[in-house]
Amino acid sequence: MITVENLTKRYGDHVAVNDVSFVCKPGLVTGFLGPNGAGKSTTMRIMVGLTPPTSGSVRIGDRPYREIPNPAAQVGVLLDASAQHAGRTGAEILRLTAMTLGVPSSRVDEMFDLVSLTPDEANRRVRNYSLGMRQRLGIANALIGDPHILILDEPANGLDPAGIHWMRSLLRDYANRGGTVLLSSHLLHEIEIIADEILVIGQGRIVAEGTKEELLAGSGTRVRSLDDDALAHAMSVAGIAAQPVTEGGFTADAAPEDIGRIALRQQIPLVELRVGDGAQLEEMFLQLTQQTQRESVPTFRDATALQGAQS
Ligand SMILES: Nc1ncnc2c1ncn2[C@@H]1O[C@H](COP(=O)(O)OP(=O)(O)OP(=O)(O)O)[C@@H](O)[C@H]1O
């Protein structure tokens, strides 16, 4: 179990992590999702004692990381896959970790097998590794001490789709055996594929958390009609907020039956009316974090203003 309580990190006037609290439970893969600069890496660095927090605390099990004896045997950490010594071979790096942790050197070959790096690749220098190979080596390095907790910062970065599915199986199996996993990503589809529980962070704050189903539950209704302008107007009169969707129609903050009744009253034929799905999770992610997005996300208000300006 990882317990993060009221964690805050300030760099001068800038608040990188703002009163963040969450728990990561054994047997689950917890995904830490947020756009660039949201505060994911800072939170993870604080968790493993590399950055001091301004305030708040993190417990790994029952104590802070720095107080865990032989921590790498308890907590596997991958923060930056490119931070390995580029002049060493993958095998040398894992052998050194095995020696430091006091685990048998036979674990080294087991780990290369586990992360699907061939003996030839194991004996190549890390400077000649692709990013995906570095990630696999980093995961092997995190797992070699047989820890029961894994903290992985953007581990899927550089992996191809097959690699992401491979990682999902690896982490699923690890969690099924009772392990606790926290992994970060700025890409929703990676987190969606791999995580059981999702924490969404934006501008240093947790803006949503729960299972994928829970996150979607409050995320409104997808609606499309033969006259979206008229429907938007009718919804707005009824006090229902709606955001336009790029492929047409809206996501509306109301139950499908409410939207259906409005459409019926206005005699507007509907061509789509349903609760959220995976695509909607992406919209929700963009909405939840839009203040931190570098690219602005159009809102319904923007869209009507634009239509007004064009007419
Ligand atoms: N040492 C530091 N000094 C000053 N500001 C920092 C420092 N480290 C991080 N920050 C700032 O804190 C904020 C959060 O950064 P962080 O690296 O935690 O984000 P992130 O969510 O991991 O982003 P990414 O997905 O791009 O890796 C950013 O605005 C960053 O510029």
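Predicted model: local features only at pLDDT ≥ 70, side-chain atom pairs only at ≥ 80, totals over all residues.
Residues are numbered from 1 along each chain as its sequence is written. Local features need pLDDT of at least 70 and side-chain atom pairs count only at pLDDT 80 or more, while totals for chains, interfaces and linings use all residues, and side-chain values use heavy atoms, without hydrogens or water.

**Stop 1: the strands**

Select strand S1, residues 2-11. Strands (E, at least two residues) and helices (H or I, at least four) are DSSP runs, numbered from the N terminus. Two strands pair if DSSP finds at least two bridges between them. Pick Ile2; its bridge partner in S4 is Ile60.

Now show S2, residues 14-24. S1 and S2 pair antiparallel over 7 bridges. Arg10 has Val15 as its bridge partner in S2. Then go to the hairpin of S1 and S2, with 2 residues between the strands. Gly12 there takes a positive phi near 60°.

**Stop 2: the ligand**

The shell includes Tyr11, His14, Ala16, Pro35 and Glu154. Among the others are Lys40, Ser41 and Thr42. By class, the shell has 4 nonpolar, 6 polar and 2 charged residues. Here Gly counts as polar; Asp, Glu, Lys and Arg count as charged.

Which side chains have a polar atom 2.8 Å or 2.7 Å from an oxygen atom of the ligand? Lys40 does at 2.8 Å, and Ser41 at 2.7 Å. His14 places a polar side-chain atom 3.1 Å from a ligand oxygen. Taken alone, the ligand exposes 630 Å², and the protein buries 60% of that (Shrake-Rupley, 1.4 Å probe). S2 and helix H1 (40-47) are the elements that give two or more residues to the shell. H1 gives the most, with 3 residues.

**Stop 3: the largest pocket**

Select Val77, Leu78, Gln84, Asn141 and Ala142, which lie nearest the centre of the largest pocket. A pocket is an open set of points on a 1 Å grid over the protein atoms alone, where a 1.4 Å probe fits, with protein on both sides within 12 Å along at least five of seven lines; lining residues have an atom within 4 Å of a point. The lining has 20 residues: 11 nonpolar, 7 polar and 2 charged. Colour strand S5 (75-78), helix H2 (90-101) and helix H5 (131-143); each supplies at least two lining residues.

Methods. Near = heavy atom within 4 Å. Polar contact = N/O pair within 3.5 Å; in protein donor to acceptor, adjacent residues only side chain to side chain.
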